[in-house]
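Please keep the sequence and the 3D view open while reading.

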There are 2 protein chains.
Amino acid sequence: MTSDDLPRGIDRRALVAGLALLPAANPAPIFTPAAAQSGAPLPSWNDGPAKQAILDFVRATTDRASPKFVPPEDRIATFDQDGTLWVEQPIYTQVVYCLDRVPAVVAQKPELKSREPFKTVLSGNHEAIAKLSLPDLEEILMATLTGMPVDVFQAEAKKWIESAKHPRWNRLYTDLTYQPMQEVLQYLRDNGFKTYIVTGGGQDFVRVYAQQVYGIPPEQVVGTASGTKFGYDKDGRPFLTKEPKLLLNDNNAGKPEGIHLEIGRRPHAAFGNSTGDRQMLEYTGAGDGARLMMLVLHDDGQHEYAYGPAHGLPDSKVGTFTQALYDEANKSGWIVISMKNDWKRIFSF
Amino acid sequence: MTSDDLPRGIDRRALVAGLALLPAANPAPIFTPAAAQSGAPLPSWNDGPAKQAILDFVRATTDRASPKFVPPEDRIATFDQDGTLWVEQPIYTQVVYCLDRVPAVVAQKPELKSREPFKTVLSGNHEAIAKLSLPDLEEILMATLTGMPVDVFQAEAKKWIESAKHPRWNRLYTDLTYQPMQEVLQYLRDNGFKTYIVTGGGQDFVRVYAQQVYGIPPEQVVGTASGTKFGYDKDGRPFLTKEPKLLLNDNNAGKPEGIHLEIGRRPHAAFGNSTGDRQMLEYTGAGDGARLMMLVLHDDGQHEYAYGPAHGLPDSKVGTFTQALYDEANKSGWIVISMKNDWKRIFSF
């Protein structure tokens with residue numbers, strides 16, 4: 001049995017490890033540069049090879065005189081979300097959502113109150129929660145992400161995402177998107193690219209806020225997906241129920257598989273930040289003509305988080321960026337983005 | 001075990017029945033009206049309630065002063081393909097493709113030559129082919145639609161669709177799209193709608209030609225889909241293989257489920273022609289505001305085919321339009337399009 005829909009941006013073991021990192025609440029000062037005023041593209045990027053690679057790629061694919069020109073209808077760019085477009089530390093946002101939903105699930109099914117793993121989650125004891133087993137976590141995901149009508153799930157997730165805050169910055173999770181990456185999304189769209197999110201996170205979850213947060217409509221979010229079941233309510237109105245049946249585990253090899261399933265063609269650009277994005281970048285790079293593959297390296301612990309273990313950074317079970325991935329990037333001509341050196345700012349605030 | 005990817009626009013039994021209808025070749029005169037010259041929308045439609053319903057829907061959803069105005073980003077319209085956008089009689093085009101592919105599959109695997117059901121298909125005996133059992137047909141679909149790299153499948157399907165001809169008209173299958181429906185696709189797109197195909201046919205198959213034939217890009221084709229498997233060739237290049245694993249049976253209840261999976265929101269307009277489209281129209285109609293649900297009734301046997309059994313038309317196992325569906329349409333305010341009365345012409349030629 002597999003858990004549905006989610007926390008799979010993600011090695012499942014990372015979930016457990018990630019939970020250990022649940023912060024009590026450690027607000028820290030953040031980097032707040034003056035807002036960029038330039039009309040030039042990518043204002044939050046420092047001049048350097050990463051910024052230049054993006055500018056060169058767009059020029060090569062959009063200039064009709066270029067041998068690498070790509071017709072507008074073929075301009076597809078895919079972005080991982082967790083750790084690539086927004087903060088994923090100390091634990092994936094959607095896992096926080098699932099844990100936060102447990103009281104509501106228990107309220108509807110009181111018999112769960114004294115049953116593990118719900119009892120432990122209700123205790124609020126972070127140490128005990130961090131020690132939950134993988135089957136326990138799967139049970140929590142299953143209970144909080146499936147079994148309800150799609151409309152109900154969407155309303156619940158929307159309400160949560162509009163109010164839940166990240167403990168370090170005490171800001172909405174949706175405020176914690178990377179301004180430089182928002183600029184890349186916009187710059188590519190301004191140049192005729194269709195921008196997609198291809199996330200290990202839950203497709204239904206991310207679709208709730210992607211339009212508002214990234215300007216990406218629901219149909220351009222590919223993510224880990226459960227099946228739904230069509231049925232009728234007591235008044236004969238049709239509706240869909242989220243089923244505990246995994247259709248797509250959109251991580252690792254699942255990313256190119258998900259791209260084929262829901263997009264049907266190879267991207268010309270792909271952005272990621274962890275080993276879960278490797279196959280997506282390989283698949284993108286295997287195409288002809290101009291292709292841009294980039295990986296965000298989290299090397300700015302002062303303003304965000306520092307983790308790898310590539311490049312001598314501390315190891316992390318969440319968003320792991322191995323040295324092997326770093327070596328493959330260098331060998332394959334993928335660009336590693338240093339958050340510390342390539343970005344002038346991390347957030348818009 | 002289920003067959004992958006295909007012939008499921010479709011009650012599976014219809015496949016068997018449909019095969020019985022394989023024509024020897026009965027070319028018949030076709031309706032060739034003078035080309036419409038008007039700049040007004042929907043020139044191939046006669047004035048009447050069906051045409052008016054489309055015009056009214058577009059006006060209501062695009063006029064900012066309308067209480068039923070729909071923001072451009074929410075304008076989603078879905079179209080069944082077989083029998084709604086192109087000819088599906090006497091048998092679904094993709095089934096013809098699968099039967100035509102058998103010799104090539106046998107050439108690669110000579111051991112199949114003397115094995116059923118391949119032996120029967122190779123015999124070319126239509127009567128014997130029509131009597132193949134459902135498991136036999138599934139074996140043919142599996143052998144011809146899966147097991148090869150995605151790129152190889154696409155190249156083979158493209159080559160076939162560019163040369164195979166319908167026996168009645170001796171024309172490419174892609175010439176047999178309904179001109180009035182092409183006009184609806186264009187008219188909706190001209191008014192900001194994203195047009196999708198939502199077909200029981202194979203997603204990978206239809207994506208090969210949808211852009212060229214309907215102006216619909218691969219990512220806007222939702223269809224019955226098999227899984228793929230990511231791997232590397234002997235030179236280390238990544239590629240996807242089509243697997244005999246059904247992910248989405250995009251027919252009946254599978255249509256709204258597929259719409260949720262790959263689009264993520266409810267259409268404002270949906271077009272179909274058979275019982276396999278019922279749930280898609282119900283799901284569309286259950287939304288708020290302006291919704292347009294239409295069913296094409298094949299009542300012009302002289303210029304195309306006449307089948308139902310609704311409305312006293314002959315019964316058909318391919319594209320069945322039952323009286324119950326006809327009654328539901330009337331009760332629910334869905335518009336039934338009479339090919340005979342609502343259309344001035346059927347094809348562009």
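**Symmetry.** Chain B superposes on chain A by a rotation of 180 degrees with 0.0 Å of shift along the axis, at an RMSD of 0.0 Å. In chain B, the C-alpha nearest the axis belongs to Glu262(B), 2.9 Å from it. Both copies use the same surface: 100% of the contact residues of chain B recur in chain A. Contact here means heavy atoms within 4.5 Å.

**Ground rules.** The model is predicted: local features need pLDDT of at least 70, side-chain atom pairs count only at pLDDT 80 or more, and totals for chains, interfaces and linings use all residues. Residues are numbered from 1 along each chain as its sequence is written, chains are lettered from A and ligands numbered from 1 in the order in which they are written, and side-chain values use heavy atoms, with hydrogens and water left out.

**The α10 helix of chain B.** How many residues of α10(B) are buried? Nine of the nine are, so α10(B) is largely enclosed by the rest of the structure. Buried means under 20% relative accessible area, exposed over 50%, and partly exposed in between (1.4 Å probe, protein chains only). The buried set includes Lys255(B), Glu257(B), His260(B) and Glu262(B). Glu262(B) is also the residue whose C-alpha is the nearest to the axis in chain B. Just after α10(B), Gly264(B) takes a positive phi of about 85 degrees. Helices (H or I, at least four residues) and strands (E, at least two) are DSSP runs, numbered from the N terminus.

**A helix crossing in chain A.** Helix α3 (residues 93-108) and helix α7 (residues 150-161) of chain A have axes that come within 11 Å and cross at roughly 110 degrees. Axes are lines fitted to C-alpha atoms, for helices over the stretch in contact, and angles run from 0 to 180 degrees between N-to-C directions. From α3(A), the contact draws on Thr93(A), Val96(A), Tyr97(A), Asp100(A) and Arg101(A); from α7(A), on Phe153(A), Glu156(A), Ala157(A), Trp160(A) and Ile161(A).

Arg101(A) sits in α3. At 18% relative accessible area, Arg101(A) is buried. Beyond its neighbours within four places in sequence, Arg101(A) contacts Thr144(A) and Glu156(A). The side chains of Arg101(A) and Glu156(A) make a polar contact of 2.8 Å. Such a contact is a pair of N or O atoms within 3.5 Å; within protein, one must be able to donate a hydrogen and the other to accept it, and residues adjacent in sequence count only if both atoms are side-chain atoms. Arg101(A) and Ile140(A) are 39 residues apart in sequence, yet their C-alpha atoms are 9.1 Å apart.

**Two buried residues of chain B.** Asn273(B) lies in the loop between β7 (269-272) and α11 (278-285). Its relative accessibility is 0%, so Asn273(B) counts as buried. The side chain of Asn273(B) has a polar contact of 3.1 Å with that of Thr84(B). Other residues touched by Asn273(B) include Asp80(B), Asp82(B), Glu88(B), His298(B) and Tyr307(B).

Glu282(B) is in helix α11, buried at 9% relative accessible area. Setting aside neighbours within four places in sequence, Glu282(B) contacts Glu328(B) and Trp334(B), and also Phe230(A), Tyr232(A) and Pro238(A).

**Backbone details in chain B.** Two cis peptide bonds and two positive phi values in non-glycine residues are listed here.

| Item | Backbone angle | Loop in chain B |
|---|---|---|
| Gln89(B)–Pro90(B), cis | omega about 0 degrees | Pro90(B): between β1 (76-79) and α3 (93-108) |
| Gly308(B)–Pro309(B), cis | omega near 20 degrees | Pro309(B): between β9 (306-307) and α12 (323-332) |
| His311(B) | phi about 60 degrees | between β9 and α12 |

Asn252(B) is partly exposed, at 32% relative accessibility. His311(B) is partly exposed too, with a relative accessible area of 48%.

Conventions
Copies are superposed by least squares on the C-alpha atoms of residues with pLDDT of at least 70 in both.
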